[in-house]
Structure formats: C-alpha cells, structure tokens
Amino acid sequence: MRKPIIGILGGFSPLSTAEYYSQICKKYNEKAGGLEYPIIKLHSFNMVDVDVEANNKEPLRRFFNAIEAMTPVDFFVIASGTMHRVARRLLDDGVNILDMRKAVLDELKAKGFEKVLLLGSKYTMTGSFYKGYLEDAGIEVVIPSEESIEKLNADIYHKLAKGEVPFGANQFMKDAVHEAVEKEQVQAVVFACTEFSLLEKDFEVPVVNAMELHINAAVKKALE
C-alpha cells in the first residue's frame, strides 16, 4: 500500500517545525512498528518575510508557491497557529490542509469544554480566524487583557521562537490563566501557539495543546 505524503509548511520558527517533523515520525513509528516512518516533504519559510506582512496578500502568495513546488502531497500541515490565518483560503482553493483549529475544536467538544481561554500570538488572540472559528462552533472564547496580549506576543517573537524561555514566563502564564478562571470561569486553556511547547503546562484547568493535537491528527490521517 502506498504511503501518503505529508507536507509540512513550516520554518516560522525552527523549534516548532523540528517538533512537527520529529513527533510525526516518532508517533507514526509507534503505531506502524519496525522501521516504518512517514514520507514527509518540508518547506521552510523565513518567518520575517511571511509574518510581518500579515495584512496583505503576500503570505498567501508565498504559501501557494510553496504548495505548488511541493506537489505531489496528499495533505499539508501548517506548523504554526498564527499562520492558520491563511487556512480558510487554502481550503477554499482545494488545498488539502489538515486544520489545527479543527483538531482543537474536536478536543473541546469531546471533553465538553464550553468556555476557554485562548493563548497564542497577538494575531491569534485578537483576529477572527482562530477565535471566530471556535465561536462559530459554539465555544465561548476569552482572551487576556491588552497588556497581557502584548507581553505574550513579545515573549513569542523575541524569545520562544528562538528556543529561549523568557524570565518569569511560566508564572506569567499561570497568573493569566488564574485571572481567567477567577473572572470568567473558563474551563480550559487553549495553547494555540506552537512555541508554547517550551512552557510548563501545570495549570488549575486542563491545557488543550493545539500542536500536540495537530500532530496526532496528522499521524492518524497518514495511517488511514
């Protein structure tokens, strides 16, 4: 039986891209056994070229160029929560994208969570592409204060994307979650940023780890 080819659209930070590659291979092998590993094609973007142009068509053009160069691929994963801002357009154009947001939504529904705190980059927390996706499916989404959003965003782009944990970052996250639990009665926290794999996940409510769920979904689909 022919193995499906997985396309990883990554490079936004080497940390998360490497984690996607290694974890997909590891979990696939755990299921398939022996020396079986998936076939993976990877396109690495320059984070600065793509992400700073969030409000124009340039990121989308770069994605389409990368996808065309990688063909044939059976399905793609975008190794970034933030860059799922282009997922809807790619899906509308017939690109087989395995959507991280769907993996998160499926988990929230399965666990019965109706109100969550969404943590990620500034674009992810304030834009409609992630928050709106969950809200359209009936999930109430809470985001931190504007000050906390700016702090998280700075930590992601200046430290976590380089594989460095900012001083006090773990406590800051715990405080943000505690505040959301106290004021908003959230039932879980969604880690929508792939770089959050560096941080602790011991909070007073369950953590829904988007990257882990996305990787699991990719392995499951590859083994179907």
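This is a predicted model: local features need pLDDT of at least 70, side-chain atom pairs count only at pLDDT 80 or more; totals for chains, interfaces and linings use all residues.
**View 1. Salt bridge between Glu-30 and Lys-26 in helix H1.** The closest N and O atoms of Glu-30 and Lys-26 lie 2.7 Å apart. Because the two residues stand four positions apart in helix H1 (residues 14–32), about one helical turn separates them. Glu-30 is exposed, with a relative accessible area of 53%, whereas Lys-26, at 44%, is partly exposed.

**View 2. Salt bridge between Asp-106 and Lys-102 in helix H5.** In this pair the side chains meet with an N to O distance of 2.9 Å. Asp-106 and Lys-102 are four residues apart in helix H5 (residues 100–111), and therefore about one helical turn lies between them. Asp-106 is partly exposed, its relative accessible area being 40%, and Lys-102 is likewise partly exposed, with a value of 43%.

**View 3. Salt bridge between Lys-174 and Glu-200.** Here the closest N and O atoms are 3.2 Å apart. The pair links distant parts of the chain, 26 residues apart, with Lys-174 in helix H9 (residues 169–184) and Glu-200 in the loop between strand E6 (188–191) and strand E7 (207–209). Lys-174 counts as partly exposed at 27% relative accessibility, and Glu-200 is partly exposed with a relative accessible area of 38%.

**View 4. A network of salt bridges.** The residues linked in this network are Lys-115, Glu-140 and Glu-184. Side chains that carry opposite charges can pair when their charged atoms come close.

Methods
Residues are numbered from 1 along each chain as its sequence is written. Side-chain values use heavy atoms; hydrogens and water are left out. A salt bridge is a side-chain nitrogen of Lys or Arg within 4 Å of a carboxyl oxygen of Asp or Glu. Buried means under 20% relative accessible area, exposed over 50%, partly exposed in between (1.4 Å probe, protein chains only).
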